[in-house]
Amino acid sequence: GGVAARALVVWPTAPARRRRASVGFSRLAVALVAVLVAGGSYLAFERLTAPRDLWTTGYGQLLLLKLAVVVVALGWGALHHVVVRPRIEAGGGGRARPSLVGETVVALAVLLVAAALTNASPPPPDVASDSAVTAGR
């Protein structure tokens, strides 16, 4: 949402605020992305009973697709953080808007795959691993 707001609102309508909005958002975005990745990783471990579920179940395949799109989004965000942000801080960065729009499109793709995951059923618990856990108690 923050990338979309910068690309569609701040960049074209408030050139004087580009620098402040970009630098401030960049600092906040790193922490927020870390929280989202941690939460997503936890849910993946919680819902998948075995690593093979990633490629043998529809849910796992959707999760792999989401992971691939997230990696693209993280790479794009890293490019902005390392290359574009320093240009904006220096007072330049006039051609960053198309890249911000592109990053917004990739972020929307992540949301679409996440919505599909919400409607997908995770694989059922593995009976063998459940009985091993129960026997150990």
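Buried residues are those under 20% relative accessible area, exposed ones lie over 50%, and partly exposed ones fall in between (1.4 Å probe, protein chains only). The model shown is predicted; local features need pLDDT of at least 70, side-chain atom pairs count only at pLDDT 80 or more, and totals for chains, interfaces and linings use all residues. Residues are numbered from 1 along each chain as its sequence is written, and side-chain values use heavy atoms, with hydrogens and water left out.

**View 1. Overall fold of the protein.** The protein contains 6 helices and 0 strands, where helices (H or I, at least four residues) and strands (E, at least two) are DSSP runs numbered from the N terminus. Of the 137 residues, 26% count as buried. Contacts (heavy atoms within 4.5 Å) with a separation of 6 or more come to 68% from residues 24 or more positions apart.

**View 2. Helix H5, residues 97-119.** The 23 residues of H5 should span 33 Å at 1.5 Å a residue, and the end C-alpha atoms are 33 Å apart, which agrees; the expected span is 1.5 Å times one less than the number of residues. Buried positions in H5 include Ser99, Gly102, Val106, Val110, Val113 and Leu117.

**View 3. Confidence along the chain.** The mean pLDDT (the predictor's confidence in each residue, from 0 to 100) of the protein is 77, and 70% of its residues reach 70 or more. Where pLDDT is low, the predicted coordinates should not be read in detail.
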